[in-house]
Amino acid sequence: MTSQPRMKSQSLYDLEGNWAIKVRVTSKGTYKNARGEGCVFNVELTDEDGTQIQATMFNEAARKFFDKFELGKVYYISKGTLRVANKQFKTVQNNYEMTLNENSQVEEAINEAAFIPETKFSFVPIDELGPYVNGRELVDVIGVVQSVSPKMNIRRKSNNETVPKHDITIADETNKTVVVSLWNDLATNVGQELLDVADKSPVVAIKSLKVGDFQGVSLSALSKSNIVVNPDLPEAKKLRSWKITSLASIGSGMSPSTKSGARSMYSDSLPVFFSMKAYISFIKPDQTMWYRACKTCNKKVTDALGSGYWCEGCQKNDAECSLRYIMALEVSDASGEAWLSVFNDQAEKTLGCSADELDKLKSEEGETAYQMKLKEATWVPHLFRVSVAPQEYNNEKRQRITVRAVAPVDYAAESKYLLEEMSKMNISM
């Protein structure tokens with residue numbers, strides 16, 4: 001290599017192609033059609049100082065370099081062209097962007113395994129996401145995980161393909177929450193990891209998210225998005241010491257931004273999230289405790305013609321189905337009582353068995369055994385993460401409280417927290 005300027009060096013932009021850079025691939029886009037038979041592919045590249053630049057390839061260059069570039073590997077790149085970045089389409093903070101053609105050179109730097117650029121984040125507080133709704137600019141966020149949905153399989157209308165999805169709800173010091181949708185590999189890998197540790201309230205830093213207007217403001221991961229769980233960042237350390245008081249959805253009370261053209265969707269009908277410690281005081285035994293669900297997508301099934309079960313979501317018959325909880329239970333604390341709506345995963349944690357197992361117990365051992373099982377779950381304390389949203393029933397407005405996550409009480413952690421609060425108030429033991 002005759003010249004190896006860094007991306008920060010102005011000489012990179014003056015050398016008319018007589019340059020080479022050493023970079024790591026920190027984001028790799030998908031290989032897709034642009035128009036007609038054409039195709040486009042892009043990568044985000046980061047040098048050892050953490051400076052980023054986007055490189056785009058079209059047609060033959062896209063086909064040539066798609067398999068060449070591997071996420072996380074280090075490369076020397078030369079014989080590309082540089083131009084001022086189009087602000088509408090750029091995804092990194094750089095005034096320039098790179099284009100590689102079929103004559104560009106891309107060589108893997110085999111002995112550069114120790115070259116690890118720092119991922120650069122530019123975090124946007126959750127309560128400031130409004131102006132980005134439906135815009136082209138991607139955002140980075142950091143927050144404490146409040147809840148993680150079970151994996152869902154979503155069928156795309158465009159090609160009827162089924163893709164996995166996890167929704168995670170995060171909160172930050174603005175006391176606002178937002179839902180982040182993870183798709184494909186991010187859902188399968190990171191989504192499942194977060195679901196397993198959701199009760200520990202991990203901190204996540206997420207780079208390159210699309211801001212949408214579902215339920216006011218929502219975030220969606222892309223193929224280039226990068227998620228770091230419990231990052232070693234000052235912002236993460238600050239969040240770990242943050243004491244949650246009360247939380248509200250980002251959509252609550254917000255006005256749409258004329259900059260983004262967002263629709264006026266923010267209203268008081270959006271849910272508010274909070275946590276509470278309470279005892280299960282009553283589970284009504286004669287309520288409808290479960291529904292028959294498709295084993296593939298978990299949606300409700302109906303009896304098929306002849307035999308088996310029909311799933312509208314999967315558009316198929318199946319010989320078997322599973323039972324999934326959809327129930328209500330009463331909880332109590334020192335301030336009073338409330339009825340909570342509980343779905344499958346959270347109900348399994350409170351009852352200690354699946355809906356199929358409880359149904360089998362009821363059918364094989366009778367009503368007494370069934371009611372005893374429900375009674376065993378009462379007067380047990382839990383930590384509940386719930387959402388509250390207004391609901392109208394028979395022209396009467398009421399609040400619907402839905403359990404989003406449930407965990408056993410950690411008495412050691414709670415005692416530590418209470419001691420800290422007492423010390424702040426100068427209360428001596």
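Student: How many helices and strands does the chain have?

Tutor: Helices (H or I, at least four residues) and strands (E, at least two) are DSSP runs, numbered from the N terminus. Here the chain has seven helices and 24 strands. This is a predicted model, where local features need pLDDT of at least 70 and side-chain atom pairs pLDDT 80 or more, while totals for chains, interfaces and linings use all residues. Residues are numbered from 1 along each chain as its sequence is written, and side-chain values use heavy atoms, with hydrogens and water left out.

Student: Which strands pair with β11?

Tutor: Two strands pair if DSSP finds at least two bridges between them. β9 (residues 139-148) runs antiparallel to β11 with four bridges, and Val 144 has Ala 171 of β11 as its bridge partner. β10 (residues 152-155) is also antiparallel to β11, again over four bridges; there Ile 154 partners Val 163.

Student: Is β11 mostly covered or uncovered?

Tutor: Buried means under 20% relative accessible area, exposed over 50%, partly exposed in between (1.4 Å probe, protein chains only). In β11 (residues 162-171), nine of ten residues are buried, so to speak mostly covered. Across the 429 residues of the chain, 44% count as buried.

Student: What about the open sheet with β18?

Tutor: Its order is β18-β19-β20, with antiparallel pairing. β18 (301-303) and β20 (316-318) each have a single partner strand, so one side of each lacks a neighbour in the sheet.
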